[in-house]
Protein chains: 2
Amino acid sequence: MANIDMFRREAADLLGTRGFTFDPELVEPWLTDWRGRYTGKAVGLASPASTEEVARFVTLCAAHDVPIVPQGGNSGMSGGATPDESGASVVLSLRRMNSFREVNAAARQITCDAGVVLQTLHDTVEMEGLRFPLTLGGKGSATIGGLISTNAGGTQVLRHGTMRAQVLGIEAVLADGTIFSCLVPLKKDNRGFDLKQLLIGSEGTLGIVTAATLRLLPEIAERRVAWIGLSSISKARELLLHCEKMVGDALEAFEIIPAHCLDSVLAYLPEARSPLAGANAWHALVELVAGSGETDRLDQLAEDMLQSALERDLIEDAVISTSEAQAEAFWQLRDSISPAERAIGPAMQHDISVPVARMPEFVETASSRIEERFPGTRAIGFGHLGDGNIHFHVLAPPGAVRGEWERSDGKVISAYVHDLVTDFGGSISAEHGIGQMKRDELGRLGDPVALGLMRSVKQALDPRGILNPGKLVPLAPGGSRP
Amino acid sequence: MANIDMFRREAADLLGTRGFTFDPELVEPWLTDWRGRYTGKAVGLASPASTEEVARFVTLCAAHDVPIVPQGGNSGMSGGATPDESGASVVLSLRRMNSFREVNAAARQITCDAGVVLQTLHDTVEMEGLRFPLTLGGKGSATIGGLISTNAGGTQVLRHGTMRAQVLGIEAVLADGTIFSCLVPLKKDNRGFDLKQLLIGSEGTLGIVTAATLRLLPEIAERRVAWIGLSSISKARELLLHCEKMVGDALEAFEIIPAHCLDSVLAYLPEARSPLAGANAWHALVELVAGSGETDRLDQLAEDMLQSALERDLIEDAVISTSEAQAEAFWQLRDSISPAERAIGPAMQHDISVPVARMPEFVETASSRIEERFPGTRAIGFGHLGDGNIHFHVLAPPGAVRGEWERSDGKVISAYVHDLVTDFGGSISAEHGIGQMKRDELGRLGDPVALGLMRSVKQALDPRGILNPGKLVPLAPGGSRP
């Protein structure tokens, strides 16, 4: 980079005082990811107010060779929105771009800026009698642009797919400052390569998403949430197949929770209660939904499904929510697992997927091998069984020092987990992305042909490497810049 | 190219006599597209029997600089699988690769070679009590590889999406002969760019699809097909919204047919009968489906939906199929429109999409403007209203000479239609792809930023331009090779 002062002056001229700052106090909150795992430095914080400002700012950065780290809600799980420690790059926040451009209730489509927060989107479309079928724990901070850039998942993927399935169109600023405008509300469009697919999940390394057109669904009229006690994770898999067969499209979510997680949550949330009286090795949280006028059918479906599961010896015990408050309470138990486990002590958390059919075998194999090989650890898996996606946590032995353990033993354990996942034909990142956290592991374990393709595409779309360098795309063999 | 004889010898050595021929009699059938619009020449016809043979053959072609034209069932609509007239390229048929690699009924996934024919796939998964939710007129010849390469649509897109939505994993041979193997049966996988998305719909210009893992759905237990008389296309759009609201996920297809098309079909199929007694300006074919045990609910849904549509004055008349034979008969009327219209005389056929809400306005505007501007022509639109995708045909004036008219007046009319579609924010290719037929029109009307991106990606993945040159990717301004 030629001259930091000159770049800062030009950036401030371009974006104004609300749009650009290098005041350490204002910049600092955005230099650390929310989990506190990564901290970097930056030339400044840019907060453009429009797509045109983003485009002009990217052009400026390209001219000064200043790398750009795009940032949405700063609630990513893999350090993808945190700058490195060199201090050479600039953080580009999309948070000021938070307008809705068009709501088309009849077509069930909405177009909004990248900085719109997921919860705000939910609230807005609810007022139209519609819903956006993707949700996750960080909905109060996660932005649409960030969700698209990481192809976020959540608890409704089983029925509705990941963020990719919700995106009809995209607007993005490319590495040379041109605007790729593809907010096409067309259901079918076969005009060549589907370039928006390349931007979805590319974590800001190929372009900066500035707006999107998203699909919406009719509001759910009713839901029933069942909390089910199971004797093993194999039974959970059998129950899933049983559910899919019995209730079809009414199946909205299927999550599994081991006893350890429920116990941790009950200790963490003093007001919470176990839904079932007895103790069970595993639990499933199953949500069924129906449209208006189908309440009776929904009750019948839930009843029949559980009754036949009992008769087939798939489940030990079960309770169906009788009110929306109870349904919420069940979900709160599930959503509190991560903070509850964190409160216990240090842990290595792995967001992994394997073919659904092999999930029971994976969890049992991985848990016993790890606890044997790394004495004192405790390995647990919970989450989206229906998607073949488990959050596999390894808790440190008692007495381990937070911060130190993760960097030493924890790292060895993670490599071991990733090797095992790869042996099972799985993915080391199911829904959290690669960011800076898993880039080297992707380089170590990824298919060389796929990695070569990724580098070719990166080189073609960002030849100067100014878009989120150091993230996602593994270095080429020999360590040269991808 | 250095030496044709040497290339042919090496190709025959590599693939054997079943795998490579340049016997004109054997090659000729594959040098013309099935619509008879394009005819080319070729160095030979390669029919490898395995992915490894494809890879070695591509390597050979790259060494000799012989361009490759991949071909599946040769039933494409845009000339994408037909070689050019230079005779410099080789046709690579995937038809010998027609094995199923794995059927996993529990996971509802199937992995098969690219040359498997769609009808064979349907028959195979049906035996497992499952279905593949994409179908189209050419199902007896269209191959899985071709359907993926063109991101094919069909009559079930409304509910289940295009081919893209059915593909879980892909195996493909790249321009340098390496094998990109991504047949991952994972429901969630966020390890970097989703490269398979780039190959889907790329018409063989970025890689040659050799196999795929596809999602399957439970078999439909029951369906009801309603044939509905309407006074205008605007009413059809209102009826669609009404259906979406009333029957939700049970809505499987929503097609529209103008009186002219029905009359043509009734003249073309001597045994066919009009489903309704009176005459109607427009018709809608609406299919509702349900799983096992829901027959009564399905009948009730269909009855309620039509009753309330009548009360709201949306429809003129309607009949619901009372048997599978009658349902098939209704669909036969719809599926016979294309051949029936072709029998009348020359026509320019446009596979276009506009935002669903603007479709009635588009059809009315385009029809009246075209019939006024090009005296003697007749413009009609029919097809997938639910997807915003209409097949918009302009029939030649009486006496026009087939072949001549398409190349002169027809071409002017098509450009006019494409301009109008672009004005409406639509796409000049909704589901048939670009191929050689629409490449120049895409170059004329496409967004320059998107076209630039396409060329960059093409250059990155196929720097020597040996994969299906002259197809899909428009020339750069100035006419240089993309």
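This is a predicted model: local features need pLDDT of at least 70, side-chain atom pairs count only at pLDDT 80 or more; totals for chains, interfaces and linings use all residues.
Q: Is B:Leu472 buried or exposed?
A: The general idea is a cut-off on relative accessible area: buried means under 20%, exposed over 50%, and partly exposed in between, with a 1.4 Å probe and protein chains only. B:Leu472 has 0% relative accessibility, so it counts as buried. Residues are numbered from 1 along each chain as its sequence is written; chains are lettered from A, and ligands numbered from 1, in the order in which they are written.

Q: Where in chain B is B:Leu472 placed?
A: Helices (H or I, at least four residues) and strands (E, at least two) are DSSP runs, numbered from the N terminus. B:Leu472 belongs to the segment that follows α18 (448-461) of chain B.

Q: What is the phi of B:Leu472?
A: Most residues other than glycine have a negative phi. B:Leu472 is not a glycine, yet its phi is positive, at about 60°. B:Glu203, also not a glycine, has a positive phi of about 50°. B:Glu203 sits in the loop between α8 (195-199) and β10 (208-215) of chain B. With a relative accessible area of 9%, B:Glu203 is buried.

Q: In what order do the strands of the open sheet of 4 strands in chain B lie?
A: Two strands pair if DSSP finds at least two bridges between them. The order here is β1-β2-β4-β3 in chain B, and the pairing is mixed. β1 (20-21) and β3 (68-71) of chain B are the edge strands, each of which pairs on one side only. β3(B) runs parallel to β4 (residues 90-93) of chain B, and 4 bridges join them. One pair to look for is B:Gln71 with its bridge partner in β4(B), B:Ser93.

Q: How many residues lie between the strands in the hairpin of β17(B) and β18(B)?
A: The hairpin has 4 residues between its strands, and B:Gly388 in this hairpin takes a positive phi near 70°. The strands β17(B) and β18 (residues 389-395) of chain B run antiparallel and are joined by 7 bridges. B:Arg378 has B:Leu395 in β18(B) as its bridge partner. Strand β17 (residues 378-384) of chain B is largely enclosed by the rest of the structure, because 6 of its 7 residues are buried.

Q: Why is strand β8 of chain A described as largely enclosed?
A: The count of buried residues decides: in β8 (residues 167-173) of chain A, 6 of the 7 residues are buried, so the rest of the structure largely encloses this strand. β8(A) pairs with β10 (residues 208-215) of chain A through 6 bridges, antiparallel. There, A:Glu171 has A:Ala211 in β10(A) as its bridge partner. β8(A) also pairs with β9 (residues 179-182) of chain A, in the antiparallel sense over 4 bridges. In that pair, A:Phe180 in β9(A) is opposite A:Ala172. The hairpin of β8(A) and β9(A) has 5 residues between the strands, and A:Gly177 takes a positive phi near 90° there.

Q: Which residues is A:Ser149 in contact with, leaving aside neighbours within four places in sequence?
A: Contact means heavy atoms within 4.5 Å. For A:Ser149, the contacts include A:Leu199, A:Glu203 and A:Val209. A:Ser149 itself is part of helix α5 (residues 144-149) of chain A, and its relative accessibility of 13% counts as buried.

Q: How does one read a loop residue such as A:Ala400?
A: Start with its place: A:Ala400 is in the loop between β18 (389-395) and α15 (404-407) of chain A. Its relative accessible area is 22%, so A:Ala400 is partly exposed. Neighbours within four places in sequence aside, A:Ala400 contacts A:Pro346 and A:Trp405. From A:Ala400 to A:Gly376 there are 24 residues in sequence and 9.9 Å in space, C-alpha to C-alpha.

Q: What does the secondary structure of chain A come to?
A: Chain A has 18 helices and 18 strands. Its C-alpha atoms fill a box of roughly 75 × 55 × 45 Å along the principal axes. Of its 482 residues, 58% are buried.

How values were computed
Side-chain values use heavy atoms; hydrogens and water are left out.
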